[in-house]
Amino acid sequence: MNDRQTYNITETQRDDRDNWFHPWEGMANAGTALRTVITKAEGIYVFDEQNRRLIDGPGGMWCMQIGYGRKDMAQTIYDQVIEMPYMNPFSLTSSPTAQLAGKLAELAPGDLNHVFFTTCGSTAVDTALRLVHFYNNVKGRPNKKHIISRDDAYHGSTYLCALVTGKDRDKNWFDVASPLVHFLSSVNPSKRPKEQSLAAFCDAKVNELEQKILQLGADNVGAFIAEPIQASGGVIVPPDGYYKRCWEICRKHDVLFIADEVVTAFGRLGHFFASKDVFGVEPDMITCAKGLTSGYLPMGALLVSDRIFKEISGPNARGSSFGHGYTYSGHPVCSAAALKSIAIIEQEKILDHVREIGPYFQKRLQELRDIALVADVRGMGLVGCVECTVGALGEASLEFDTDLGARIDAHCHELGLMVRPIVNKCVFSPPLIITREQIDTMVDILKESIIRTMHDIQHELGIELV
Ligand SMILES: Cc1ncc(COP(=O)(O)O)c(C=O)c1O
């Protein structure tokens, strides 16, 4: 292989096609397509191989909080690499990681004062689920192991996380059935029957959780895991009060409540953690990753309550040790990056900015409802989803819906915007530093691209333009 200076775009695309087995690879075309190469990034923009500047609509993968190209972040990472790039987290400690643990405990709601560091969101969720089982074993409750999750949930890609993921598309072709995992129906309000009020829908969903706990027997249920907003499931915002009422049901039945904040933590909804500040919930555990380092380096964390920690440690430990962890748990360079990202968010008042700009972003997205192809627009803070369907044109066709997001994304790309297409949905979680004017540009490009896609399809179907 050539060195980096002489390794050109053609070689990149060739080696990518021939040798890089990507996540979520569509296997029918695997090893054939030439992918877009991202060559550099600055602020809210990424640049492709033709040096085309694109607004990064999905903010990497819901992780780019402070924006690309921060030299102060680079300096922090460099300094830590020079000073001490690695230490064994099983038996030693280091200042950046200890300091980060303290900082996360300070920012977290309630008594979540114990931080288990992981390498990403999946390993944070894995750790949470293993801890539920460990906790109940140590407490002498070997039956209290069942986990309740929900349809449309995404909790990661390790074997254990995939077990609690409720998206068929992420599980098809894998063996992920487990007698210990149970799914509740989707909390997507737009899918409720027309005659059902939002309040009645919320009551039904909360009741479903309680019924499931009673059906399994509270003595057998270890935990309920839920994202405050189901992100990869299509930005599903549950009805008001739903999340808090679920937490109350869990407390009533002594079921641990795991808030999966891998997407919602670190500012996406205008707060470091959304559980308490947005939804009024003090979970037993919070999982986070992504925005923890603003995507600059890989890192995740599980925050655990004092209560849980106390119940399984000291005289309550019964000789146990928590035999779980990673070579890169609490990596000092990632920890330094996380501390720096949090400091930037605080110093530059980025949370205030998100709280100010979020409603404007949502308002502008809602304008897209006027386009016939658009079936639903939803979101909160700086996360949003525009769901489209050809059915809205009076010509229901699943075949078209399957790649609607990709079609819209292709037009957006021409016009300077990158979208996260998920089947028939376009999902957005732009860098938190995005300005009002940049939101305008983003939504204008999206609007034009949806209209162009609609016209393409109308042309292909041979039906009248709306
Ligand atoms: C809510 C949620 N949990 C867990 C994960 C898994 O995180 P990672 O991809 O860092 O393993 C994701 C990833 O998108 C996520 O959205």
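The model on display is a predicted one. Now extend the selection to strand β2 (residues 45–47) and strand β3 (residues 53–56), which run antiparallel and are joined by three bridges. The two strands form a hairpin, with five residues between them. In its turn, select Asn-51, whose phi is positive, at about 60°.

β3 pairs with β13 over two bridges, here in the parallel sense. To locate the pairing, select Asp-56 together with its bridge partner in β13, Met-418.

Proceed next to the open sheet of four strands, whose order is β11-β12-β15-β14 and whose pairing is antiparallel. Which strands stand at the edges? They are β11 (374–380) and β14 (420–422); each has a single partner strand, so one side of each is left without a neighbour in the sheet. On average, neighbouring strands of this sheet are turned by 20° against each other, direction ignored. Strands of a sheet pair through backbone hydrogen bonds, in either a parallel or an antiparallel manner.

At one end of the strand order, select β14 and strand β15 (residues 425–428), which run antiparallel with three bridges between them. Within this pair, Ile-422 has Lys-425 of β15 as its bridge partner. Then display helix α16 (residues 436–461), which lies across β11, β12 (383–388) and β15. The helix runs at about 10° to β12.

The following stop is the second largest pocket, with a volume of about 350 Å³. Its lining comprises 16 residues; to find the centre, select His-114, Phe-116, Val-304, Phe-309 and Phe-322, which lie nearest to it. Colouring by secondary structure will show β4 (114–118), α5 (121–138) and β10 (300–304), each of which supplies at least two residues of the lining. What classes of residue make up this lining? There are 10 nonpolar and six polar residues, and no charged ones.

Finish at Asp-170, in helix α7 (residues 168–171). Is this residue buried or exposed? Asp-170 counts as buried because its relative accessibility is 11%, below the 20% cut-off. Lastly, select Asp-152, which is 18 residues from Asp-170 in sequence; the C-alpha to C-alpha distance between the two is 10.0 Å.

Key. Residues are numbered from 1 along each chain as its sequence is written. This is a predicted model: local features need pLDDT of at least 70, side-chain atom pairs count only at pLDDT 80 or more; totals for chains, interfaces and linings use all residues. Side-chain values use heavy atoms; hydrogens and water are left out. Buried means under 20% relative accessible area, exposed over 50%, partly exposed in between (1.4 Å probe, protein chains only). On a 1 Å grid over the protein atoms alone, a cavity is a set of points where a 1.4 Å probe fits but cannot get out, and a pocket is an open set with protein on both sides within 12 Å along at least five of seven lines; lining residues have an atom within 4 Å of a point. Grid points are joined across faces, edges and corners, and a volume is the space filled by probe spheres set on the points. Ala, Val, Leu, Ile, Met, Phe, Trp, Tyr, Cys and Pro count as nonpolar, Asp, Glu, Lys and Arg as charged, and the others, Gly among them, as polar. Two strands pair if DSSP finds at least two bridges between them. Axes are lines fitted to C-alpha atoms, for helices over the stretch in contact, and angles run from 0 to 180 degrees between N-to-C directions. Contact means heavy atoms within 4.5 Å.
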